[in-house]
Amino acid sequence: MPLLAFETSCDETGAAVVHQGKVLSNVVSSQISLHAEYGGVVPELAAREHLRNLVPVARTALQEAGISAKCLDAVCATQGPGLPSALMVGLRAGQALAFTLRRPFIAVHHHEAHLYSPWLTGSPPTADFSNFQPNVSLIVSGGHTLLVHVPEELRAQLLGTTLDDAAGECFDKTGKLMGLPYPAGPTIDRLAEQGNPSAFEFPRPLLHEQNNDFSFSGLKTSVRYFLRDHPEIFSKRQQIRDLCASVQAAIVEVLVTKTIRAARRSGVRCVTASGGVACNRALRAQLAAACQREGFCLRLAEPRFCTDNAAMIGVLAERKFQLSTEPTTFDADILPSWAFSDSNQGAAFAEARPVLQ
Ligand code: KG4
Ligand code: ZN
């Protein structure tokens with residue numbers, strides 16, 4: 001079933017065509033340069049850009065897939081969680097298109113879609129569900145840090161989350177303190193490559209707590225005090241590289257240790273990871289090393305499927321539709337704070353209450 005997917009939960013406008021698990025096109029228009037000036041995502045600007053970009057991005061996705069809108073069997077979009085005004089653009093556009101074409105519309109939970117992006121492999125990228133294994137999934141982005149137990153397809157149990165800043169936020173905010181442009185995560189990754197991760201000692205928050213939760217705001221504060229006490233570092237390139245490597249080492253050690261511990265406790269033999277921070281090379285390398293030590297299989301989403309994209313939305317929507325989830329109604333509303341339910345997501349959807357009436 002060729003299906004057109006929209007993703008507009010934050011600052012990427014995405015459209016993709018998915019057919020029988022294959023990603024026929026995946027177009028993303030990033031707003032990073034627009035928000036960089038403000039040091040973070042400005043919701044009103046994000047919504048305005050989605051409005052401007054969604055139709056051209058959708059047209060390109062259809063063109064690249066070589067199909068016309070009339071050939072679509074369904075349309076889907078992210079319903080939540082995310083920025084309300086941004087979500088509204090993709091959800092309403094998807095509903096309107098489905099209604100016009102007289103096709104079913106399927107609404108998708110953004111984080112549930114992240115759970116399946118590590119299963120997209122090959123060329124063209126294809127969802128590899130025949131090899132699905134029960135897993136523990138780490139979702140790490142600018143807004144979220146989640147550990148999720150996925151015992152079977154379309155079932156998910158939230159194990160832990162961040163109590164304050166997300167891992168990506170910690171990269172971005174500590175980078176800002178160092179004077180790096182937004183978003184600082186990719187720059188820290190690059191500078192850290194030539195730095196010494198043991199040069200400076202930073203706290204590993206909640207590392208030894210036996211829960212699955214994270215906390216990164218204390219780490220950010222200790223970087224703030226460190227820079228206050230060592231202002232000379234700003235003029236020393238190698239020391240900035242060492243600082244990047246040391247901060248990154250603290251974040252990565254916590255993420256890897258807690259992910260592996262959660263996998264052991266859940267009794268799974270497979271770990272997956274996605275979200276923008278899962279592009280981080282130290283995180284990828286250290287997760288790989290830890291999984292090898294434990295005898296776990298590791299599935300890391302390809303970098304283009306780590307960051308927000310519509311392909312993962314389409315793949316999940318098609319799977320839900322195949323496994324006979326009811327289509328979403330055309331008047332279903334956005335769910336900006338849609339909790340990651342610990343039950344079957346289909347059931348969770350039926351119970352979810354719209355935030356905006
Ligand atoms: O998933 P994403 O594209 O968007 C949302 O937050 O929804 O994630 C963006 C986050 C930013 O905080 C960015 O700094 C971080 O992912 N990021 C990285 C890397 N690439 C992106 N953090 C560390 N290392 C990277 N290579
Ligand atoms: Zn995301």
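## Before we start

This is a predicted model: local features need pLDDT of at least 70, side-chain atom pairs count only at pLDDT 80 or more, and totals for chains, interfaces and linings use all residues. Residues are numbered from 1 along each chain as its sequence is written, chains are lettered from A and ligands numbered from 1 in the order in which they are written, and side-chain values use heavy atoms, with hydrogens and water left out.

The protein chain is assigned domain 1 (3–125 + 306–348) and domain 2 (132–301), with bounds from an automatic or database domain assignment. Taken over C-alpha atoms, the two centres are 26 Å apart. In contact (heavy atoms within 4.5 Å) are 28 residues of domain 1 and 30 residues of domain 2. Between the domains, about 2400 Å² of area is buried, and carbon and sulfur atoms give 67% of this. Buried area is the accessible area (1.4 Å probe) that two parts lose on being put together, summed over both.

The count between the domains is 1 salt bridge, meaning a side-chain nitrogen of Lys or Arg within 4 Å of a carboxyl oxygen of Asp or Glu. Glu 153 forms a salt bridge with Arg 319, and their closest N and O atoms are 2.5 Å apart. On the side of domain 1 that touches domain 2, the elements giving two or more residues are helices H1 (32–36), H4 (110–116) and H11 (311–322). H4 gives the most, with 5 residues. Helices (H or I, at least four residues) and strands (E, at least two) are DSSP runs, numbered from the N terminus.

Now look at helix H6 (residues 185–192), where 6 of the 8 residues are buried. Buried means under 20% relative accessible area, exposed over 50%, and partly exposed in between (1.4 Å probe, protein chains only). The buried residues are Gly 185, Thr 187, Ile 188, Asp 189, Leu 191 and Ala 192. Their cover includes helices H5 (167–177), H8 (237–266) and H9 (281–294).

The loop between H5 and H6 holds Pro 183, which a cis peptide bond joins to Tyr 182, with omega about -10°. Ala 184 lies in the loop between H5 and H6 too, and this residue counts as buried because its relative accessibility is 1%. Beyond its neighbours within four places in sequence, Ala 184 is in contact with Phe 171, Asp 172, Gly 175 and Lys 176.

## A buried threonine

Thr 145 is part of strand S9 (residues 145–150). Is this residue buried or exposed? Thr 145 counts as buried, because its relative accessibility is 0%. Its side chain reaches the backbone nitrogen of Ala 167 at 2.8 Å.

## Two positive phi angles

Arg 102 has a phi near 55°, a positive value in a residue other than glycine. This arginine sits in the loop between helix H3 (84–101) and strand S5 (105–109), and is exposed, with a relative accessible area of 70%.

Leu 154 is not a glycine either, yet its phi is positive, about 65°. The loop between S9 and strand S10 (157–161) holds Leu 154, which is buried, with a relative accessible area of 9%.

Definitions and conventions
A polar contact is a pair of N or O atoms within 3.5 Å; within protein, one must be able to donate a hydrogen and the other to accept it, and residues adjacent in sequence count only if both atoms are side-chain atoms.
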